Number of protein chains: 2
Amino acid sequence: MYSTRGPDADQWQPRYAARTAGMRASEVRRLFAMADRQDVVSLAGGMPNVEALPFDALATLTADLLIERGRHALQYGSAQGDPDLRDRICEVMTIEGITACPDDVVVTVGSQQGLDMLARIFLDPGDIVLAEGPTYLTAIGTFTAYQARVVHVPMDGAGLIPEALAETITRLRPTGRVQLLYTVPTFHNPSGVTLSPARRAQVLDICRRAGVLVVEDNPYGLLAFDGEPVRALRADSPDGVIYLGSFSKTFAPGMRVGWVVAPPAVREKLVRAMESAILSHSMFTQLMVERYLATQPWLPQLKVFRDMYRERCQAMVTALGESMPPGTRWTEPGGGFFVWVTLPPGIDASAMLARALASGVAYVPGAGFYADGGGHGALRLSYCYPPPERIRTAVARLAAVIREESAATDRVPSSSVC
Amino acid sequence: MYSTRGPDADQWQPRYAARTAGMRASEVRRLFAMADRQDVVSLAGGMPNVEALPFDALATLTADLLIERGRHALQYGSAQGDPDLRDRICEVMTIEGITACPDDVVVTVGSQQGLDMLARIFLDPGDIVLAEGPTYLTAIGTFTAYQARVVHVPMDGAGLIPEALAETITRLRPTGRVQLLYTVPTFHNPSGVTLSPARRAQVLDICRRAGVLVVEDNPYGLLAFDGEPVRALRADSPDGVIYLGSFSKTFAPGMRVGWVVAPPAVREKLVRAMESAILSHSMFTQLMVERYLATQPWLPQLKVFRDMYRERCQAMVTALGESMPPGTRWTEPGGGFFVWVTLPPGIDASAMLARALASGVAYVPGAGFYADGGGHGALRLSYCYPPPERIRTAVARLAAVIREESAATDRVPSSSVC
C-alpha cells in the first residue's frame with residue numbers, strides 16, 4: 001500500500017496525528033544558522049555567554065566526578081532526578097524566597113521539558129493557555145503541539161496588566177477551559193520587562209479566584225543587574241504556582257538541566273510523564289551540575305555573568321538612544337537578556353529582516369512571539385552574546401535599516417497596523 | 001476558587017488532561033528501589049554493567065573536551081543533534097547493514113525519547129499500535145500517554161508470528177487506524193528472542209502492503225554473544241521502517257544519547273517535535289559520545305561487554321536448567337539482557353513477588369509487559385547486572401520460591417489461566 005517515491009514526497013502524509021499540523025517550522029533553527037555568518041552581528045539568539053566560565057576548573061571537576069562516581073554518573077537514574085541535585089536546587093531557590101523540599105522538585109531536560117510535561121498533563125485539545133503578549137516563542141510551539149489555544153494578555157512597562165487578565169478570563173470562560181497562565185514575570189523573554197510587586201499580588205489573586213494554575217517560567221530571575229533578587233511568584237503561592245527553573249543561564253545550557261517545582265499530586269503526575277517521555281535524565285550532567293554548585297564559587301561566577309550582561313545591556317540601550325529614528329520605542333531591562341523594540345508605524349519587522357541581514361545585523365521579528373498574528377511592528381534584540389563594541393555596531397546598522405525602511409514605507413502606502 | 005487543603009488532597013484533580021489518566025504508576029521506579037536492598041539479588045532492572053568501562057580514559061577524554069571545545073560543549077545545540085555525532089552514528093549502523101546519511105538522523109534523549117516523539121507525530125487518541133506480546137514495558141506507557149490502543153501480536157521462539165500479524169491487522173482495521181508496528185526484533189525486551197531472517201522479510205512485506213509503519217527499536221542489536229551481527233529491519237526497508245538506536249547499552253545510559261533514523265519528511269517533523277519538547281539535547285553528552293567513538297577502542301570494549309553478558313546469560317540458563325521445577329519454561333537468548341520465564345500453570349508472578357523479595361530475589365512480573373491483562377503466568381529475568389555467582393544464588397532462590405508457590409497453589413484452587 002506504500003511505495004518508494006521521489007525523495008520529497010511524503011508517503012506518510014495521511015498518517016500524521018492531528019497535533020502534528022500545529023507544529024511550527026523552526027524560526028529558531030534558521031536564526032542559529034544566521035548567527036554563524038561572520039559578517040552578521042546576531043542580536044537574535046538567546047545564547048548565554050558560556051565563554052566566561054572557568055573551563056579548566058570544570059575539566060578537573062568532571063574528571064574527578066568520573067573517577068570517583070563513574071558507576072553512578074554513567075548509569076540510569078530515577079525519573080524524578082538525582083536527590084542531591086534536587087537538594088541543591090532547593091537551596092538555590094531560597095534566594096528568590098522559595099521554600100521547597102527536594103521531593104517537590106522534578107529535574108527536566110532544560111525548563112523547556114518542564115513546560116512540555118506540564119502541557120502533557122494539563123492540556124486537552126482546545127484548552128486555553130493565557131500568556132503575556134508577546135510571549136516566549138518556543139512556549140507557543142509547545143502549547144500548540146498539544147492543540148491548546150494560546151491567548152495573549154496585554155502587558156506594559158510593569159508587566160502583565162491585571163485588569164486585562166481578569167477581563168480575558170471572564171471573556172474566555174464560556175468558550176473553553178482556561179487552564180494555565182504561562183508567565184515569565186522576571187526579565188521577561190522577549191520584552192525584558194519585570195512584573196511589579198503590586199501586580200504580582202493581583203495576578204496571584206485573580207488566578208486563585210478563577211482556579212487558573214500559574215506557570216512561572218523563571219530562567220533569568222538570578223540575572224538582576226543591581227539590587228536585591230526579585231521574589232518569585234511561587235514564594236507567595238506554593239499551591240497556585242508551578243515554578244520552572246533552569247541552569248542554562250546561570251551555568252551552562254549544554255547541561256540541559258532545568259527543573260519544575262509543583263504541589264505533590266502534580267509532581268507525582270509529572271514524574272510519570274517524565275518516565276514515558278525519557279525514562280530518566282542524564283545522571284552525568286545532573287551530577288556535574290550538583291558538583292559545580294557544591295564545589296565551585298558559583299555565586300561569584302553569577303556576579304561575573306550579571307556584570308557582563310549589565311555592561312552589554314547598557315551598551316545596547318545607549319546605542320539605541322543615540323541612533324534610533326523618531327517613533328521607535330524600546331524597553332530598558334533590569335536584568336536578563338532582551339530588549340523589545342517597537343518600530344515606527346508602518347514598518348513590518350518580518351519584511352525588514354532581509355534588508356537587515358544584508359546590512360549585517362540579525363534580530364527576531366516580533367510576530368514569532370505572538371500566537372495570534374500580532375507583533376509585526378516589533379522585534380526582539382538580545383545583548384547576551386556579542387561584546388559591547390559589536391552591539392554598538394549592530395544597533396547602528398539596525399538604525400540605518402529602519403531609516404531606509406521608513407523612507408521606503410513613506411513612498412509606498414502600507415496597510416499594516418502596529 | 002481554589003484553596004489550601006490537606007497535603008494529600010489534589011485540588012487540580014478536575015483539571016488534568018484526559019491523557020493523564022492513562023499514565024501508569026511506575027513499576028520501574030519501584031524496582032530501582034528494590035535493587036538497592038543489600039539482601040536482594042535483583043534480576044529486575046535492565047541496567048547495563050557500566051563498571052566495565054575505562055573510567056580513567058573517560059575522565060581524560062572529558063577533561064580534554066571541556067578544554068578544547070568547552071564553548072561548544074556547554075552551549076545550546078540544534079534540535080536535530082550534533083552533525084559530527086550523527087555522522088558517527090551512521091558509521092555505527094553500517095555494522096547492521098544500514099545505509100543512512102547524517103541528515104536522516106535525529107539525536108534523542110535515549111531511544112525512549114525517540115519513541116515519545118514518534119508517538120507525538122503519529123498517534124491520535126484511539127489509534128492502534130501493534131506490538132509483540134509481551135513488549136517493552138515503558139513503550140506501553142508512552143503509547144498510552146498519547147491515548148493510543150496497544151494491541152499485542154503473539155510471538156514464539158522465532159519472534160513475531162507473521163500470520164498472526166496479518167490476521168491482527170485485518171481484524172483491527174475496521175475498528176481504527178492501525179498506525180504502527182512497534183517491534184524489538186533483535187534480542188527482544190523482555191523475551192530475549194530474535195526474529196528469524198525469513199520472518200523479517202514476511203513482517204516487512206505484510207506491513208508494506210497494509211501501509212503500517214514499522215518502528216524498529218534496537219538497543220541490543222550489537223550485543224550478540226556470537227557470530228555475525230544481526231541485520232536490521234531498516235537495512236531492507238528504508239522507506240517503511242523508522243529505526244531507534246541507543247548508546248545506553250553499548251556505551252553508557254548516563255549519557256542519555258539515542259537516535260532515530262527516519263525518511264526525510266518524517267525526520268523534519270521529528271525535529272519540530274524535538275524543539276517543542278526540549279529545544280535541544282545536551283551538547284556536552286553528545287560531544288562526549290562522539291569523542292568516545294572517535295578516540296576510544298569502542299569495538300574492543302563492546303567485545304568486553306558481549307563476553308561478560310554471554311557468561312552471565314550462560315550462568316542463568318544453566319542455573320535455570322539445574323533448579324527449576326517441572327512445568328517451568330524459559331527462553332535462551334543469543335544476545336541482549338533478558339530471559340523470559342513461563343511459570344507452571346496456576347502461578348501468578350505478580351502475586352509471587354512478595355514471597356520472592358522476602359527470599360532475596362527480584363524480577364519483573366510478566367503482566368507489566370502486556371497492555372491487555374496478559375502475562376500473569378510469566379516473568380522477566382535480567383542477567384546484565386549481577387555477576388555469575390549472584391545470578392546462580394538468585395536463580396536457586398527463585399526456584400525455591402516457585403516450588404513453594406506451586407505447593408501453595410496445589411492446596412488452594414486457583415482461577416488464574418496462563
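**The interface between chains A and B**

In this predicted model, 84 residues of chain A are in contact with 84 residues of chain B, contact being counted when the C-beta atoms of two residues, placed from the backbone, lie within 7 Å. Helix 2 of chain A provides the largest share of the side of chain A that touches chain B, namely 12 residues; helices here are DSSP runs of H or I of at least four residues, and strands are E runs of at least two, numbered from the N terminus.

**Helix 8 of chain A**

Of the 15 residues of helix 8 of chain A, 11 are buried, so the helix is largely enclosed by the rest of the structure; a residue is buried if 20 or more other C-beta atoms, placed from the backbone, lie within 10 Å of its own. Among the buried residues are Lys269(A), Arg272(A) and Glu275(A). Just after this helix, Leu279(A) takes a positive phi of about 70°.

**Strand 8 of chain A**

Strand 8 of chain A, residues 241–246, is mostly covered, with six of its six residues buried. Val241(A), Tyr243(A) and Gly245(A) point one way from the strand, while Ile242(A), Leu244(A) and Ser246(A) point the other way.

Strand 8 of chain A runs parallel to strand 7 (residues 213–217) of chain A, to which four bridges join it, and pairs in the antiparallel sense with strand 9 (residues 257–261) of chain A over four bridges, pairing requiring at least two DSSP bridges between two strands. Leu244(A) is the bridge partner of Asp217(A), and Gly258(A) is that of Ser246(A).

**Basis of the model**

Residues are numbered from 1 along each chain as its sequence is written, and chains are lettered from A and ligands numbered from 1 in the order in which they are written. Because the model is predicted, local features need pLDDT of at least 70 and side-chain atom pairs count only at pLDDT 80 or more, whereas totals for chains, interfaces and linings use all residues.

Definitions and conventions:
Buried ≥ 20, exposed ≤ 12 C-beta atoms within 10 Å, placed from the backbone.
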